[in-house]
Amino acid sequence: MPASWLKDTVFYEIYPQSFRDTNGDGIGDINGILEKLDYIKSLGCNALWINPCFDSPFKDAGYDVRDYKKVAPRYGTNDDLYRLFGEAHRKGIRVLLDLVPGHTSEEHPWFVESGRAEPNAYSNRYIWTDHWLMGAGGLNYVAGECERDGTYILNFFKCQPALNYGFREPREPWQLPTDHPDALATREAIKDVMRFWLGHGCDGFRVDMANSLVKGDDDKKSATSAIWLDIRAMLDREFPDAAMVAEWSNPPQALRAGFDMDFCLNNPDTGYSTLMRDYYGDVDNGYFKKDAPDRDIRRFLDIYQRWYEDTRALGYISLLTCNHDTPRPRCDLDEAELKLAYAFLFTMPGVPFLYYGDEIGMRYLKLPTKEGGYTRTGSRTPMQWDNTQNLGFSGGDADSLYLPVDPAADAPTVAAQQDDPDSLLNTVRALLALRHAEGDLQADAPFEALCTEKGKPFVYRRGGLTLAVNPSGEALTWKHSLGALTPVYRLGEAIADGDSLTMGPQSFAVFRKG
Ligand code: NOJ
């Protein structure tokens, strides 16, 4: 069963380098997160996911970990992070760290040892072939970098050698079975990292590339899942309140592997990509695009409903506004469109995630790559707080910033939206307040689609509430037999009588029966 505290949880994802710089060095820090906890709370978010904040050469923005147990000096110290856990908890906020179990940095001491010619305790911590010229059966590998006579397998970038959890069916002498003592040692080493942070007060992990542990032909991820179930059993025994969200994007697999939540990511086969944007050539048919010529909620629901029915008894699907790997929703949607998109995301089942800055509609900026970001860099720019120096992100020189702030005269900021009740920021606050106030909008309350026809509003049920959204520019009507409906929240116009519901242009509403 998923951790019970997830039932009424909304996450805020923080990219630490870009959130708030308190020491003027141009890069965000843990103390910056501490400073903004009340702001996060004011949004209605009661949990954080912090991207990797560990010691790293930062060739992949920290997803190349050099020391799993040490906060990167650019963000502060371990003590700062422990203090953050304590302060967050005092304010009712949980904290997930980012666990990167599939690979380390090539500078991690385990890898340095593993690459030595002399066999040692770490020789099998990574996956090596038996000869310096030997390929790796279709897996990406690197040759010619170490003394050792062999090539090594990669998990992602060249700087990220894959940790060795073994192979489901070893086919070559260099492929270990998953129950080989050295493969088990890798698993124990990751458990040790988890125990370390959980013991210091973190509440769980977002797990990077969670489906990538076992290499080769891991049929339906069965061997990878077995490892996660073993790790889950450890958590259940030692840290029963800890939660894990998978970067897997296959909830039927991830939730059966013991994860509490799995993301519905921006992959072509998840449906998320049909919501914020959905290009057919030059034409955007994204569900929330006002002028989408071929709007169809079924493109999302065909996948989502299958997942939901299959997994609702196991755990949660996590819908997100976006994340540090995807274009921001503001890329393709304007403020009115964003309000409807968020209204939908925050009233669906499961545990939603809000990416920092999406609450004010921060833009995606076209920028040169930074720390392995490539096209992702534009979604990673500093949070925009107010109209002071560097939009309140940092007191340092503009030239020293990790990434530039939005140079536009109308760059959205928290301060500019703070006092406007209709701003995107305050709409997010109102939606999340409603979610917390209505048990029927929270993670577990049942979901059912009531009207999914093209040319009609999308109407859905959560528990005893009826919800409707019309992203188009025209009023749309749905004939129903639900009886009287009274709006408890709305954006735009929504008129319900005994047997019809008319949703005005670009509208959203939540109704109670009667
Ligand atoms: C997924 C992370 O979200 C991404 O940012 C990273 O580059 C890769 N995994 C590799 O760790």
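**Notes on the domains and the ligand site**

1. Starting with the overall layout: the C-alpha centres of domain 1 and domain 2 are 30 Å apart. Their contact draws on 26 residues from domain 1 and 21 residues from domain 2. Keep in mind throughout that this is a predicted model.

2. As for where the bounds fall, the domain assignment puts 4–102 + 183–439 in domain 1, while 447–513 makes up domain 2. So that you can check it against the structure above, note that domain 1 is written as two stretches, 4–102 and 183–439.

3. Now the ligand. The space it takes is the largest pocket. Around the ligand you'll find Asp60, Tyr63, His103, Phe156, Arg206 and Asp208, along with Met209, Glu247, His324, Asp325, Arg376 and Arg380.

4. Asp325 has a side-chain N or O atom 2.5 Å from an oxygen atom of the ligand. For His324, a polar side-chain atom sits 2.8 Å from a ligand oxygen atom, and for Arg206 the corresponding distance is 3.0 Å.

5. How much of the ligand's accessible area does the protein cover? On its own the ligand has 300 Å² of accessible area, and the protein covers 97% of that.

Notes
Residues numbered from 1 in each chain as written. Predicted model: local features only at pLDDT ≥ 70, side-chain atom pairs only at ≥ 80, totals over all residues. Heavy atoms only, no water. Near = heavy atom within 4 Å. Polar contact = N/O pair within 3.5 Å; in protein donor to acceptor, adjacent residues only side chain to side chain. Areas by Shrake-Rupley, 256 points an atom, 1.4 Å probe, with all protein chains shown as cover. 1 Å grid on protein atoms, 1.4 Å probe; cavity = no way out; pocket = protein on both sides within 12 Å on 5 of 7 lines; lining within 4 Å. Sits in = over half its atoms within 2 Å of the grid points. Domains from an automatic or database assignment. Contact = heavy atoms within 4.5 Å.
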